[in-house]
Amino acid sequence: MSEHTSNDVQALIGMGEDGRQSPFGMSYGKLMLWIFLFTDALTFGSFLISLGVARFSYGGAWPIGEETFDALPFIEGTYPLAYVALMTFILIISSVTMVLAVEAGHRMDKKGVIKWLLLTIVGGLFFLGSQAWEWSHFIHGTDFGRVDLRDGSSAIVKGEFGEIQYFEVITAGSMYEGVENITNENISATDKNLMHAFQHAAVNRKLSGNAGNLLITLSDGTEAKVHKAADQDMQLIVKVPGRDYPVSSAHDESTWLSGEHVEILYYEALMKGNVTYGANMSENEYGPQIYSNYFFFVTGFHGFHVTLGIMINIIIFINVLAGTYERRGHYEMVEKGGLYWHFVDLVWVFVFTFFYLI
Amino acid sequence: MEERDDIIEYSLYYHHSEEEGKKKRRKIWQVTLLLSVITLIEVLCGAFIKQGSPAWEVVKVSFIIMTVIKAYYIVYSFMHMGDENRLFKWMIIGIYIIFIIYMIWLIGYEGIELFMRMYNAPIF
């Protein structure tokens with residue numbers, strides 16, 4: 001390359017003719033961080049595009065955000081998307097406190113940086129905690145689970161699960177000798193609680209009878225009668241079609257299965273053990289297996305980024321307290337930490353749309 | 001410490017006064033309000049307009065548009081991309097957009113090809 005062109009290129013990217021400036025007149029740290037974020041954004045972009053392909057190939061069987069994510073901690077009932085909205089809001093707010101910390105840094109306002117950076121870290125921890133609850137809920141699943149009906153169709157269940165009051169012992173096994181009624185207070189550690197014992201029995205074909213008269217066999221061989229309140233407003237949303245029932249439409253409730261025969265269908269499937277509770281890497285209540293794998297992978301990879309972001313912010317926070325940047329004469333490190341933190345927020349904006357909304 | 005002349009410090013130029021700070025903070029809160037309102041609209045649409053209903057196609061497209069608007073404000077305002085060198089801006093964002101559009105096209109193309117092979121039927 002001749003001397004002339006070399007100078008032109010340098011001028012174009014803002015290096016100056018003496019070549020003694022970094023490209024674009026930016027600090028190398030920020031420049032490199034942007035290039036890292038560019039590549040990381042390509043990774044997330046690929047995830048979401050391949051999610052789109054998987055989703056498209058399953059048609060109506062793909063779970064719908066507002067049907068799958070409609071629970072709140074500590075509160076009964078269904079609140080579609082409310083929890084995810086809360087998580088999104090927490091992340092937006094922590095992004096704002098971060099940008100305020102950066103702004104305070106530009107004024108060399110150490111107290112301001114400390115205040116806003118601390119709030120950012122707290123916001124990040126709140127987000128991680130929310131994600132932990134969401135994962136836990138996703139893994140444990142709903143009270144009803146998903147059932148495979150006798151015609152070969154598969155359906156998720158909406159409605160209010162009647163509370164299990166107690167198991168009335170008929171034949172006591174080794175763990176419940178002399179016990180009349182098994183309640184949440186005197187249940188064995190193996191069975192954990194009534195709900196756990198019930199779902200465990202359902203999956204292992206240890207339930208018999210019908211909706212009004214359920215018999216359960218516990219892990220130690222105890223046979224008992226299940227006393228349980230009646231389920232309310234049970235509706236089946238068919239996700240995979242069978243011989244009798246076509247796929248239900250999300251917006252048209254008349255295509256959902258409801259009425260008295262639904263309860264019979266549901267408990268018949270439960271007696272046969274054709275029920276799935278929650279999700280993991282090999283079983284999935286909500287829809288096609290690949291759906292839960294994508295859920296764990298995409299939100300997990302994002303959560304991993306949030307975790308790293310919190311750790312980076314904590315290191316920067318300690319340095320701010322120690323006065324490292326005050327002595328250095330600028331708070332550019334806060335700005336760089338901020339860039340990464342905003343990127344995490346940016347990714348969540350896209351995950352929110354493409355995983356939960358669409 | 002000995003003064004080094006091979007390290008050029010740019011960050012020092014980024015300092016601003018209390019006056020400018022006030023203006024910047026106002027802008028930050030405006031963007032916050034905008035992001036929150038867009039998120040609220042998205043959540044309400046998602047919760048109340050069901051998939052497959054007549055309005056859904058419009059809602060779906062508007063979700064993507066709203067997401068891009070949010071992304072624009074995060075990158076340009078929060079990440080200060082708006083204040084960076086113009087060429088650098090296009091080097092990062094322009095190339096990213098080209099890559100993503102290429103990837104979407106590529107995967108759509110391959111997807112159609114696979115569909116035709118698996119079901120032995122032309123999609124168009």
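Mentor: Happy to! A word on terms before we start: the domain bounds I use come from an automatic or database domain assignment. Keep in mind, too, that this is a predicted model. On that assignment, chain A splits into domain 1, made of 27-136 + 290-357, and domain 2, spanning 146-278. Their C-alpha centres are 38 Å apart, and the contact between them involves four residues of domain 1 and six of domain 2. On the domain 1 side, those residues are two nonpolar, one polar and one charged.

Now to the core you asked about. The largest nonpolar core holds 59 residues, and the ones touching the most other members are A:Ala101, A:Val113, A:Leu117, A:Val334, A:Val351 and A:Phe352. The top contributor is α10(A), with 16 residues. For a close-up, pick A:Ala101: leaving aside residues up to four places away in sequence, its contacts are A:Val113, A:Trp116, A:Leu117, A:Thr120, A:Val334 and A:Gly338. Another core, of 33 residues, lies apart from this one and includes A:Phe167, A:Ile182, A:Ala201 and A:Leu270.

In the contact between the chains, 46 residues of chain B meet 50 of chain A. On the chain B side, α1 (18-48), α2 (56-78) and α3 (86-119) each give two or more residues, with the largest share, 13 residues, coming from α1(B). By class, that side has 24 nonpolar, 14 polar and eight charged residues.

How values were computed:
Residues numbered from 1 in each chain as written. Chains lettered and ligands numbered in written order. Predicted model: local features only at pLDDT ≥ 70, side-chain atom pairs only at ≥ 80, totals over all residues. Contact = placed C-beta atoms within 7 Å. Helix = DSSP H or I, 4+ residues; strand = E, 2+ residues; numbered from the N terminus. Nonpolar A, V, L, I, M, F, W, Y, C, P; charged D, E, K, R; others polar. Core = buried A, V, L, I, M, F, W, Y, C linked by C-beta atoms within 7 Å. Buried ≥ 20, exposed ≤ 12 C-beta atoms within 10 Å, placed from the backbone.
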